[in-house]
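I opened this notebook to record what I looked up in one chain, entry by entry, with the sequence and the structure side by side.

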Amino acid sequence: MTKNTTNSQTTINIIGIGSSLLILLMGFFIKSNSLKIIGIITGISTGIYTQLASKKLEQDNEKLTTLPESKTIEISSPCLEIIEEKERDLEIKENVIKYQYLEDEKIIKQTIDQFSKYSTIWLDTETADWDKPTKRLSLLQITANPNDLTGESVYLLDLLDKNHLIEYFIQTIMVNENIQKVFHNAPYDLRFLGGRDRVNNIFCTYNLSRKLSLEVLGTPNRQLKTLASYLCGFTIEENEQGSDWAIRPLTEKQVKYAAMDIIFLTQVHQKLEDIYNLSTLDKNELTEVNSQETINTNPLNFEEELALLLTEQQLRNHQKSWVYYQIRNEFRLDLEKLKIIAQALGYNERWAYYRAGINPPNNQFNQQENNHQNMQNLPSFSDNLNISESAILFRINRTYSPDLSSEELYNITRGNWVLRERRENADYAFAVYRGIIKQVYRIHSWDFSGVITNGNERYCFEGEIAEDKQNYIGMNVARYFPRGMASSTRYVNC
(Lines give C-alpha, C1' and ligand atoms only; values in the text may rest on other atoms or scores of the structure.)
Protein backbone atom coordinates (compact mmCIF):
# COMPACT_ATOMS: atom_id res chain seq x y z
CA MET A 1 0.00 0.00 0.00
CA THR A 2 2.88 2.42 0.78
CA LYS A 3 4.46 1.79 -2.64
CA ASN A 4 1.20 2.55 -4.51
CA THR A 5 0.70 5.73 -2.50
CA THR A 6 4.19 6.97 -3.35
CA ASN A 7 3.57 6.41 -7.08
CA SER A 8 0.30 8.32 -6.89
CA GLN A 9 2.00 11.25 -5.23
CA THR A 10 4.74 11.32 -7.92
CA THR A 11 2.16 11.27 -10.73
CA ILE A 12 0.24 14.19 -9.17
CA ASN A 13 3.44 16.21 -8.79
CA ILE A 14 4.48 15.64 -12.47
CA ILE A 15 1.04 16.60 -13.77
CA GLY A 16 0.90 19.70 -11.58
CA ILE A 17 4.39 20.95 -12.49
CA GLY A 18 3.85 20.22 -16.19
CA SER A 19 0.59 22.12 -16.22
CA SER A 20 2.20 25.10 -14.51
CA LEU A 21 5.09 25.25 -17.08
CA LEU A 22 2.71 24.87 -20.04
CA ILE A 23 0.52 27.78 -18.94
CA LEU A 24 3.56 29.96 -18.23
CA LEU A 25 5.07 29.29 -21.76
CA MET A 26 1.74 30.10 -23.36
CA GLY A 27 1.71 33.39 -21.52
CA PHE A 28 5.16 34.36 -22.85
CA PHE A 29 4.43 33.32 -26.47
CA ILE A 30 1.19 35.27 -26.58
CA LYS A 31 2.16 38.89 -26.77
CA SER A 32 -0.37 40.10 -24.23
CA ASN A 33 0.58 41.29 -20.79
CA SER A 34 -2.83 40.38 -19.33
CA LEU A 35 -2.61 36.81 -20.64
CA LYS A 36 0.90 36.48 -19.20
CA ILE A 37 -0.38 37.53 -15.76
CA ILE A 38 -3.30 35.08 -16.01
CA GLY A 39 -0.94 32.29 -17.03
CA ILE A 40 1.44 32.98 -14.15
CA ILE A 41 -1.43 33.09 -11.58
CA THR A 42 -2.93 29.91 -13.01
CA GLY A 43 0.42 28.13 -12.86
CA ILE A 44 1.07 29.16 -9.29
CA SER A 45 -2.46 28.16 -8.20
CA THR A 46 -2.11 24.79 -9.88
CA GLY A 47 1.18 24.19 -8.09
CA ILE A 48 -0.30 25.12 -4.68
CA TYR A 49 -3.35 22.89 -5.24
CA THR A 50 -1.07 20.01 -6.24
CA GLN A 51 0.97 20.33 -3.03
CA LEU A 52 -2.16 20.50 -0.85
CA ALA A 53 -3.63 17.45 -2.52
CA SER A 54 -0.37 15.58 -1.98
CA LYS A 55 -0.30 16.44 1.76
CA LYS A 56 -3.94 15.41 2.14
CA LEU A 57 -3.15 12.05 0.61
CA GLU A 58 -0.22 11.61 3.01
CA GLN A 59 -2.45 12.35 6.04
CA ASP A 60 -5.06 9.85 4.91
CA ASN A 61 -2.34 7.28 4.49
CA GLU A 62 -1.04 7.91 8.05
CA LYS A 63 -4.53 7.34 9.47
CA LEU A 64 -4.89 4.06 7.66
CA THR A 65 -1.47 2.99 8.81
CA THR A 66 -1.87 3.85 12.53
CA LEU A 67 -5.47 2.68 13.06
CA PRO A 68 -4.59 -0.88 14.14
CA GLU A 69 -2.05 0.50 16.65
CA SER A 70 -4.70 2.76 18.27
CA LYS A 71 -7.06 -0.16 18.68
CA THR A 72 -4.32 -2.21 20.31
CA ILE A 73 -3.58 0.53 22.85
CA GLU A 74 -7.24 0.91 23.76
CA ILE A 75 -7.54 -2.82 24.41
CA SER A 76 -4.28 -3.39 26.25
CA SER A 77 -4.37 -0.37 28.59
CA PRO A 78 -7.28 -1.57 30.78
CA CYS A 79 -5.71 -5.02 30.98
CA LEU A 80 -2.51 -3.53 32.35
CA GLU A 81 -4.51 -1.53 34.90
CA ILE A 82 -6.31 -4.64 36.08
CA ILE A 83 -3.03 -6.49 36.53
CA GLU A 84 -1.53 -3.58 38.44
CA GLU A 85 -4.64 -3.33 40.63
CA LYS A 86 -4.37 -6.99 41.60
CA GLU A 87 -0.75 -6.53 42.54
CA ARG A 88 -1.39 -3.56 44.79
CA ASP A 89 -1.92 -3.82 48.52
CA LEU A 90 -5.44 -3.50 49.88
CA GLU A 91 -6.71 -0.04 49.02
CA ILE A 92 -10.06 1.67 48.53
CA LYS A 93 -11.12 5.04 47.18
CA GLU A 94 -13.27 6.04 50.12
CA ASN A 95 -14.31 9.30 48.48
CA VAL A 96 -16.26 7.37 45.85
CA ILE A 97 -17.74 4.71 48.13
CA LYS A 98 -21.04 3.28 46.86
CA TYR A 99 -23.91 1.77 48.80
CA GLN A 100 -27.64 1.02 48.64
CA TYR A 101 -29.61 3.16 51.10
CA LEU A 102 -33.13 1.78 51.56
CA GLU A 103 -36.06 3.54 53.20
CA ASP A 104 -39.06 2.04 51.43
CA GLU A 105 -40.56 -0.66 53.65
CA LYS A 106 -41.54 -2.93 50.78
CA ILE A 107 -38.03 -2.82 49.28
CA ILE A 108 -36.46 -3.39 52.71
CA LYS A 109 -38.58 -6.50 53.19
CA GLN A 110 -37.61 -7.81 49.75
CA THR A 111 -33.95 -7.17 50.57
CA ILE A 112 -34.25 -9.12 53.82
CA ASP A 113 -35.74 -12.02 51.90
CA GLN A 114 -32.85 -11.88 49.45
CA PHE A 115 -30.23 -12.01 52.22
CA SER A 116 -31.93 -15.00 53.78
CA LYS A 117 -30.59 -17.06 50.86
CA TYR A 118 -26.92 -16.55 51.83
CA SER A 119 -24.93 -18.80 54.16
CA THR A 120 -22.82 -15.96 55.68
CA ILE A 121 -23.58 -12.28 56.06
CA TRP A 122 -21.76 -9.39 57.81
CA LEU A 123 -23.75 -6.90 59.89
CA ASP A 124 -23.37 -3.73 61.91
CA THR A 125 -25.80 -1.33 63.57
CA GLU A 126 -26.06 2.36 64.33
CA THR A 127 -28.28 3.38 67.22
CA ALA A 128 -30.11 6.59 68.03
CA ASP A 129 -30.22 8.24 71.47
CA TRP A 130 -26.68 7.17 72.36
CA ASP A 131 -26.72 9.42 75.43
CA LYS A 132 -29.91 7.89 76.85
CA PRO A 133 -30.38 4.62 78.76
CA THR A 134 -32.87 3.36 76.14
CA LYS A 135 -31.49 3.38 72.61
CA ARG A 136 -33.29 2.81 69.29
CA LEU A 137 -32.03 0.95 66.26
CA SER A 138 -31.49 3.54 63.55
CA LEU A 139 -29.59 1.81 60.76
CA LEU A 140 -28.69 -1.76 59.89
CA GLN A 141 -25.70 -2.28 57.58
CA ILE A 142 -25.46 -5.61 55.81
CA THR A 143 -23.47 -7.31 53.05
CA ALA A 144 -22.91 -10.83 51.78
CA ASN A 145 -19.79 -10.05 49.74
CA PRO A 146 -16.59 -9.95 51.84
CA ASN A 147 -14.45 -9.06 48.81
CA ASP A 148 -16.31 -5.88 47.88
CA LEU A 149 -14.22 -2.78 48.55
CA THR A 150 -16.46 -0.38 46.64
CA GLY A 151 -19.58 -0.73 48.76
CA GLU A 152 -21.75 -1.70 45.81
CA SER A 153 -22.99 -4.78 47.70
CA VAL A 154 -23.48 -2.91 50.99
CA TYR A 155 -27.08 -2.28 51.97
CA LEU A 156 -28.11 0.28 54.58
CA LEU A 157 -31.58 -0.45 55.93
CA ASP A 158 -33.26 2.53 57.58
CA LEU A 159 -35.11 0.88 60.48
CA LEU A 160 -35.69 3.84 62.78
CA ASP A 161 -39.04 3.28 64.52
CA LYS A 162 -39.87 0.42 62.13
CA ASN A 163 -40.28 -2.22 64.80
CA HIS A 164 -42.33 -4.53 62.57
CA LEU A 165 -39.46 -4.66 60.05
CA ILE A 166 -36.93 -5.25 62.83
CA GLU A 167 -39.00 -8.18 64.04
CA TYR A 168 -39.29 -9.49 60.47
CA PHE A 169 -35.49 -9.33 60.16
CA ILE A 170 -35.09 -11.20 63.45
CA GLN A 171 -37.49 -13.94 62.38
CA THR A 172 -36.05 -14.25 58.87
CA ILE A 173 -32.33 -13.85 59.50
CA MET A 174 -31.31 -13.81 63.16
CA VAL A 175 -33.03 -17.01 64.30
CA ASN A 176 -32.03 -18.89 61.14
CA GLU A 177 -29.42 -21.50 62.10
CA ASN A 178 -28.31 -21.90 58.49
CA ILE A 179 -27.06 -18.32 58.19
CA GLN A 180 -23.87 -17.29 59.97
CA LYS A 181 -24.10 -13.68 61.15
CA VAL A 182 -20.77 -11.88 61.64
CA PHE A 183 -20.51 -8.87 63.98
CA HIS A 184 -17.80 -7.00 65.84
CA ASN A 185 -18.77 -6.83 69.52
CA ALA A 186 -21.87 -8.93 68.86
CA PRO A 187 -23.43 -8.61 72.35
CA TYR A 188 -24.10 -4.91 71.77
CA ASP A 189 -25.75 -5.38 68.36
CA LEU A 190 -27.78 -8.33 69.55
CA ARG A 191 -29.52 -6.12 72.08
CA PHE A 192 -31.41 -4.58 69.15
CA LEU A 193 -31.74 -7.70 67.01
CA GLY A 194 -33.56 -10.18 69.17
CA GLY A 195 -31.24 -10.73 72.11
CA ARG A 196 -28.85 -13.60 72.74
CA ASP A 197 -31.64 -15.95 73.83
CA ARG A 198 -33.34 -15.88 70.42
CA VAL A 199 -30.55 -15.71 67.86
CA ASN A 200 -28.45 -18.51 66.39
CA ASN A 201 -25.14 -18.95 64.58
CA ILE A 202 -23.45 -15.69 65.57
CA PHE A 203 -19.75 -15.06 64.99
CA CYS A 204 -17.98 -12.21 66.78
CA THR A 205 -14.72 -10.83 65.39
CA TYR A 206 -14.08 -9.05 68.68
CA ASN A 207 -14.07 -12.43 70.43
CA LEU A 208 -11.68 -13.72 67.78
CA SER A 209 -9.34 -10.77 68.38
CA ARG A 210 -9.31 -11.52 72.11
CA LYS A 211 -7.63 -14.84 71.37
CA LEU A 212 -4.63 -12.87 70.15
CA SER A 213 -2.52 -10.63 72.34
CA LEU A 214 -2.16 -6.96 71.42
CA GLU A 215 1.53 -7.69 70.80
CA VAL A 216 0.61 -10.29 68.19
CA LEU A 217 -1.99 -8.00 66.64
CA GLY A 218 0.34 -5.00 66.73
CA THR A 219 -2.52 -2.72 67.75
CA PRO A 220 -3.15 -0.55 70.83
CA ASN A 221 -6.68 -1.97 71.28
CA ARG A 222 -9.30 -4.19 69.66
CA GLN A 223 -11.71 -1.57 68.38
CA LEU A 224 -12.97 -2.23 64.84
CA LYS A 225 -11.53 0.97 63.38
CA THR A 226 -8.20 0.42 65.09
CA LEU A 227 -7.97 -3.08 63.62
CA ALA A 228 -9.04 -1.77 60.19
CA SER A 229 -6.33 0.88 60.33
CA TYR A 230 -3.46 -1.22 61.69
CA LEU A 231 -4.21 -4.58 60.07
CA CYS A 232 -5.80 -3.55 56.77
CA GLY A 233 -4.26 -0.15 56.09
CA PHE A 234 -7.49 1.84 55.95
CA THR A 235 -7.47 5.57 56.53
CA ILE A 236 -9.97 6.35 59.28
CA GLU A 237 -11.91 9.56 58.89
CA GLU A 238 -13.91 11.47 61.49
CA ASN A 239 -15.88 9.33 63.92
CA GLU A 240 -19.64 9.78 63.42
CA GLN A 241 -20.64 7.21 66.04
CA GLY A 242 -21.54 9.87 68.57
CA SER A 243 -23.54 11.97 66.11
CA ASP A 244 -27.33 12.17 66.12
CA TRP A 245 -28.58 9.02 64.38
CA ALA A 246 -32.19 9.97 65.09
CA ILE A 247 -32.21 12.82 62.59
CA ARG A 248 -33.66 12.35 59.13
CA PRO A 249 -32.32 12.69 56.60
CA LEU A 250 -28.96 11.42 57.79
CA THR A 251 -25.98 13.45 56.69
CA GLU A 252 -23.72 12.30 53.88
CA LYS A 253 -20.90 11.79 56.41
CA GLN A 254 -23.09 9.57 58.58
CA VAL A 255 -24.18 7.37 55.70
CA LYS A 256 -20.64 7.04 54.39
CA TYR A 257 -19.42 6.24 57.92
CA ALA A 258 -22.02 3.47 58.22
CA ALA A 259 -21.14 2.00 54.82
CA MET A 260 -17.42 2.02 55.58
CA ASP A 261 -17.98 0.23 58.89
CA ILE A 262 -19.31 -2.87 57.14
CA ILE A 263 -16.36 -2.86 54.71
CA PHE A 264 -14.01 -2.57 57.69
CA LEU A 265 -15.75 -5.57 59.25
CA THR A 266 -15.37 -7.87 56.24
CA GLN A 267 -11.70 -7.05 55.82
CA VAL A 268 -10.85 -7.24 59.53
CA HIS A 269 -12.62 -10.60 59.76
CA GLN A 270 -10.49 -12.09 57.00
CA LYS A 271 -7.29 -10.57 58.37
CA LEU A 272 -7.95 -11.83 61.89
CA GLU A 273 -8.58 -15.32 60.56
CA ASP A 274 -5.22 -15.23 58.77
CA ILE A 275 -3.37 -13.96 61.84
CA TYR A 276 -5.05 -16.46 64.11
CA ASN A 277 -4.19 -19.37 61.84
CA LEU A 278 -0.57 -18.21 61.58
CA SER A 279 -0.26 -17.25 65.22
CA THR A 280 2.88 -18.43 67.01
CA LEU A 281 1.04 -18.86 70.29
CA ASP A 282 1.70 -22.24 71.88
CA LYS A 283 -1.74 -23.71 71.46
CA ASN A 284 -0.77 -26.75 73.52
CA GLU A 285 -0.53 -24.55 76.59
CA LEU A 286 -3.75 -22.70 75.95
CA THR A 287 -7.26 -24.00 76.04
CA GLU A 288 -8.18 -25.16 72.57
CA VAL A 289 -10.95 -22.97 71.35
CA ASN A 290 -12.53 -23.23 67.95
CA SER A 291 -11.73 -20.17 65.86
CA GLN A 292 -15.32 -20.22 64.64
CA GLU A 293 -16.60 -19.42 68.15
CA THR A 294 -20.24 -18.44 68.22
CA ILE A 295 -22.52 -16.82 70.71
CA ASN A 296 -25.65 -18.53 71.95
CA THR A 297 -25.08 -21.83 70.18
CA ASN A 298 -23.81 -22.96 73.60
CA PRO A 299 -21.81 -26.10 72.69
CA LEU A 300 -20.83 -26.23 76.40
CA ASN A 301 -23.04 -25.83 79.42
CA PHE A 302 -22.40 -23.16 82.04
CA GLU A 303 -20.21 -25.28 84.32
CA GLU A 304 -18.03 -26.54 81.43
CA GLU A 305 -17.57 -23.04 80.07
CA LEU A 306 -16.64 -21.72 83.52
CA ALA A 307 -14.07 -24.49 83.96
CA LEU A 308 -12.46 -23.66 80.58
CA LEU A 309 -12.32 -19.96 81.40
CA LEU A 310 -10.74 -20.62 84.78
CA THR A 311 -8.05 -22.73 83.11
CA GLU A 312 -7.38 -20.05 80.50
CA GLN A 313 -7.31 -17.34 83.17
CA GLN A 314 -4.59 -19.18 85.05
CA LEU A 315 -2.55 -19.95 81.92
CA ARG A 316 -2.66 -16.38 80.69
CA ASN A 317 -2.36 -14.88 84.18
CA HIS A 318 -5.49 -12.73 83.76
CA GLN A 319 -7.21 -10.95 86.63
CA LYS A 320 -10.05 -12.93 88.20
CA SER A 321 -12.56 -10.36 87.00
CA TRP A 322 -11.71 -11.40 83.42
CA VAL A 323 -13.54 -14.70 83.95
CA TYR A 324 -16.72 -12.91 84.97
CA TYR A 325 -16.71 -10.57 81.96
CA GLN A 326 -16.06 -13.44 79.54
CA ILE A 327 -18.81 -15.72 80.78
CA ARG A 328 -21.21 -12.81 81.01
CA ASN A 329 -21.02 -12.48 77.24
CA GLU A 330 -22.05 -16.10 76.80
CA PHE A 331 -24.74 -16.73 79.41
CA ARG A 332 -27.52 -14.88 81.14
CA LEU A 333 -26.38 -14.90 84.76
CA ASP A 334 -28.96 -15.30 87.50
CA LEU A 335 -28.16 -15.24 91.20
CA GLU A 336 -27.43 -18.97 91.39
CA LYS A 337 -24.89 -18.84 88.54
CA LEU A 338 -23.30 -15.77 90.10
CA LYS A 339 -22.91 -17.64 93.38
CA ILE A 340 -21.12 -20.45 91.52
CA ILE A 341 -18.78 -17.89 89.90
CA ALA A 342 -18.13 -16.22 93.26
CA GLN A 343 -17.22 -19.55 94.84
CA ALA A 344 -14.94 -20.49 91.92
CA LEU A 345 -13.11 -17.15 92.09
CA GLY A 346 -12.86 -17.12 95.87
CA TYR A 347 -15.19 -14.13 96.26
CA ASN A 348 -17.58 -13.57 99.12
CA GLU A 349 -21.16 -14.59 98.30
CA ARG A 350 -22.26 -11.00 98.75
CA TRP A 351 -20.45 -10.25 95.47
CA ALA A 352 -23.05 -12.42 93.70
CA TYR A 353 -25.90 -10.43 95.24
CA TYR A 354 -24.29 -7.20 94.13
CA ARG A 355 -23.88 -8.41 90.55
CA ALA A 356 -27.47 -9.62 90.50
CA GLY A 357 -28.71 -6.27 91.79
CA ILE A 358 -30.29 -7.87 94.84
CA ASN A 359 -29.91 -6.83 98.46
CA PRO A 360 -28.12 -9.52 100.47
CA PRO A 361 -30.16 -11.24 103.16
CA ASN A 362 -28.17 -9.58 105.95
CA ASN A 363 -28.06 -5.84 106.54
CA GLN A 364 -24.31 -5.50 106.87
CA PHE A 365 -24.27 -2.84 104.14
CA ASN A 366 -26.33 0.24 103.82
CA GLN A 367 -29.29 -0.57 101.55
CA GLN A 368 -28.87 2.51 99.36
CA GLU A 369 -25.18 1.82 98.74
CA ASN A 370 -25.29 -1.94 98.34
CA ASN A 371 -26.05 -2.00 94.60
CA HIS A 372 -23.31 0.48 93.75
CA GLN A 373 -20.29 -1.12 95.41
CA ASN A 374 -18.03 -3.83 94.15
CA MET A 375 -18.33 -6.68 96.61
CA GLN A 376 -15.13 -8.31 95.39
CA ASN A 377 -13.13 -6.25 97.92
CA LEU A 378 -16.15 -5.58 100.15
CA PRO A 379 -15.69 -1.79 100.26
CA SER A 380 -17.99 0.37 102.32
CA PHE A 381 -18.94 3.97 101.79
CA SER A 382 -16.06 4.96 104.02
CA ASP A 383 -13.51 3.33 101.69
CA ASN A 384 -12.41 6.65 100.21
CA LEU A 385 -9.69 6.39 97.59
CA ASN A 386 -6.81 8.83 97.44
CA ILE A 387 -5.94 8.82 93.74
CA SER A 388 -2.22 9.22 93.13
CA GLU A 389 -2.33 8.60 89.37
CA SER A 390 -2.92 11.23 86.70
CA ALA A 391 -6.50 10.50 85.76
CA ILE A 392 -9.87 11.83 84.63
CA LEU A 393 -12.98 10.76 86.52
CA PHE A 394 -16.09 10.38 84.36
CA ARG A 395 -19.48 10.39 86.03
CA ILE A 396 -21.82 8.05 84.15
CA ASN A 397 -24.88 8.36 86.39
CA ARG A 398 -27.34 8.82 83.51
CA THR A 399 -26.10 6.01 81.28
CA TYR A 400 -24.98 3.33 83.72
CA SER A 401 -27.04 0.23 84.49
CA PRO A 402 -26.04 -2.97 86.31
CA ASP A 403 -26.58 -5.16 83.23
CA LEU A 404 -24.03 -3.38 81.03
CA SER A 405 -21.45 -5.63 79.40
CA SER A 406 -17.78 -4.75 79.77
CA GLU A 407 -17.72 -3.43 76.21
CA GLU A 408 -20.81 -1.30 76.78
CA LEU A 409 -19.34 0.14 79.97
CA TYR A 410 -16.17 0.97 78.06
CA ASN A 411 -18.12 2.70 75.29
CA ILE A 412 -20.16 4.93 77.60
CA THR A 413 -17.04 5.81 79.59
CA ARG A 414 -14.86 6.67 76.60
CA GLY A 415 -17.64 8.45 74.74
CA ASN A 416 -18.06 12.10 73.84
CA TRP A 417 -16.84 14.47 76.56
CA VAL A 418 -16.13 18.19 76.47
CA LEU A 419 -12.46 18.28 77.46
CA ARG A 420 -9.56 20.70 77.29
CA GLU A 421 -5.91 20.13 76.44
CA ARG A 422 -5.31 18.82 79.97
CA ARG A 423 -6.80 15.51 78.82
CA GLU A 424 -3.47 14.68 77.20
CA ASN A 425 -1.83 14.53 80.65
CA ALA A 426 -4.14 11.78 81.93
CA ASP A 427 -2.92 8.17 82.04
CA TYR A 428 -6.14 6.63 83.36
CA ALA A 429 -9.90 7.02 82.98
CA PHE A 430 -12.21 6.14 85.90
CA ALA A 431 -15.85 5.16 85.28
CA VAL A 432 -17.72 6.52 88.29
CA TYR A 433 -21.34 5.84 89.18
CA ARG A 434 -22.77 7.71 92.16
CA GLY A 435 -19.33 8.18 93.60
CA ILE A 436 -18.29 4.53 93.23
CA ILE A 437 -15.61 3.36 90.76
CA LYS A 438 -17.01 0.83 88.30
CA GLN A 439 -13.96 0.37 86.09
CA VAL A 440 -10.52 1.82 85.41
CA TYR A 441 -9.05 2.14 81.91
CA ARG A 442 -5.55 2.87 80.71
CA ILE A 443 -5.72 5.67 78.12
CA HIS A 444 -3.77 5.16 74.90
CA SER A 445 -4.92 8.11 72.79
CA TRP A 446 -7.59 10.77 72.31
CA ASP A 447 -9.74 11.38 69.22
CA PHE A 448 -12.07 14.19 68.25
CA SER A 449 -15.53 12.59 68.14
CA GLY A 450 -16.84 14.88 65.40
CA VAL A 451 -19.41 16.43 67.75
CA ILE A 452 -19.40 20.10 68.74
CA THR A 453 -21.80 21.31 71.45
CA ASN A 454 -22.25 25.05 71.96
CA GLY A 455 -18.90 25.62 70.29
CA ASN A 456 -17.12 23.04 72.47
CA GLU A 457 -15.44 20.05 70.84
CA ARG A 458 -16.14 16.62 72.30
CA TYR A 459 -13.44 13.95 72.58
CA CYS A 460 -13.29 10.22 73.24
CA PHE A 461 -10.37 8.07 74.31
CA GLU A 462 -9.00 4.77 73.05
CA GLY A 463 -7.78 2.45 75.76
CA GLU A 464 -8.18 -0.82 77.58
CA ILE A 465 -8.98 -2.11 81.04
CA ALA A 466 -6.17 -1.34 83.48
CA GLU A 467 -5.60 -4.79 84.93
CA ASP A 468 -3.24 -3.44 87.60
CA LYS A 469 -5.92 -1.05 88.92
CA GLN A 470 -8.78 -3.51 89.36
CA ASN A 471 -8.44 -3.22 93.14
CA TYR A 472 -9.86 0.29 92.80
CA ILE A 473 -13.24 -1.01 91.63
CA GLY A 474 -15.92 -0.39 94.22
CA MET A 475 -13.98 2.26 96.08
CA ASN A 476 -15.45 5.65 96.88
CA VAL A 477 -14.34 8.82 95.08
CA ALA A 478 -17.37 10.95 95.90
CA ARG A 479 -15.16 13.58 97.56
CA TYR A 480 -13.79 14.49 94.11
CA PHE A 481 -17.30 15.60 93.15
CA PRO A 482 -18.39 17.97 95.92
CA ARG A 483 -22.05 18.76 96.36
CA GLY A 484 -23.26 21.23 93.76
CA MET A 485 -20.60 20.35 91.20
CA ALA A 486 -22.36 20.10 87.84
CA SER A 487 -19.50 18.86 85.68
CA SER A 488 -19.42 15.17 84.75
CA THR A 489 -15.63 15.13 84.52
CA ARG A 490 -12.90 15.75 87.07
CA TYR A 491 -9.16 16.04 86.43
CA VAL A 492 -6.92 14.51 89.07
CA ASN A 493 -3.14 15.14 89.05
CA CYS A 494 -3.28 16.30 85.44
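**Entry 1: H13 and what follows**

I began at the end of helix H13, which is followed by glycine 357, a residue whose phi is positive, near 75 degrees. I note here that the model is a predicted one. I then looked at burial along the helix and found that six of the eight residues of H13 are buried, so the helix is largely enclosed by the rest of the structure. The buried residues that I listed for H13 are Arg350, Trp351, Ala352, Tyr353, Tyr354 and Arg355.

The largest cavity holds about 100 Å³ of space. I found 14 residues in its lining, and those that lie nearest the centre of the cavity are Tyr325, Arg328, Arg355, Tyr400 and Leu409. The elements that give two or more residues to this lining are helix H11 (320-328), helix H13 (349-356) and helix H15 (406-414), and I noted that Arg355, which is listed at the centre of the cavity, is also among the buried residues of H13. By residue class, the lining of the largest cavity divides into seven nonpolar, four polar and three charged.

**Entry 2: H3 against H4**

Which residues of H3 meet which residues of H4? On the H3 side I wrote down Glu105, Ile108, Lys109, Ile112, Asp113 and Phe115, and on the H4 side His164, Leu165, Tyr168, Phe169, Thr172 and Ile173. The residues of this contact divide into seven nonpolar, two polar and three charged. For the geometry, I recorded that helix H3 (residues 105-115) and helix H4 (residues 163-174) pack at an angle of about 10 degrees, with their axes 10 Å apart; H3 and H4 are therefore roughly parallel to each other.

**Entry 3: aspartate 261**

Is aspartate 261 buried or exposed? I located aspartate 261 in helix H9 (residues 252-278), and at 4% relative accessibility it counts as buried, the cut-off being under 20%. Leaving out residues up to four places away in sequence, I found that aspartate 261 touches Asp124, Glu126, Gln141, Leu224 and Lys225.

**Entry 4: the chain overall**

Among the contacts in the chain with a separation of 6 or more, 64% are between residues 24 or more positions apart.

Key:
Residues are numbered from 1 along each chain as its sequence is written. This is a predicted model: local features need pLDDT of at least 70, side-chain atom pairs count only at pLDDT 80 or more; totals for chains, interfaces and linings use all residues. Side-chain values use heavy atoms; hydrogens and water are left out. Axes are lines fitted to C-alpha atoms, for helices over the stretch in contact, and angles run from 0 to 180 degrees between N-to-C directions. Helices (H or I, at least four residues) and strands (E, at least two) are DSSP runs, numbered from the N terminus. Angles under 35 degrees count as roughly parallel, over 145 as roughly antiparallel, 65 to 115 as roughly perpendicular and the rest as oblique. Contact means heavy atoms within 4.5 Å. Ala, Val, Leu, Ile, Met, Phe, Trp, Tyr, Cys and Pro count as nonpolar, Asp, Glu, Lys and Arg as charged, and the others, Gly among them, as polar. On a 1 Å grid over the protein atoms alone, a cavity is a set of points where a 1.4 Å probe fits but cannot get out, and a pocket is an open set with protein on both sides within 12 Å along at least five of seven lines; lining residues have an atom within 4 Å of a point. Grid points are joined across faces, edges and corners, and a volume is the space filled by probe spheres set on the points. Buried means under 20% relative accessible area, exposed over 50%, partly exposed in between (1.4 Å probe, protein chains only).
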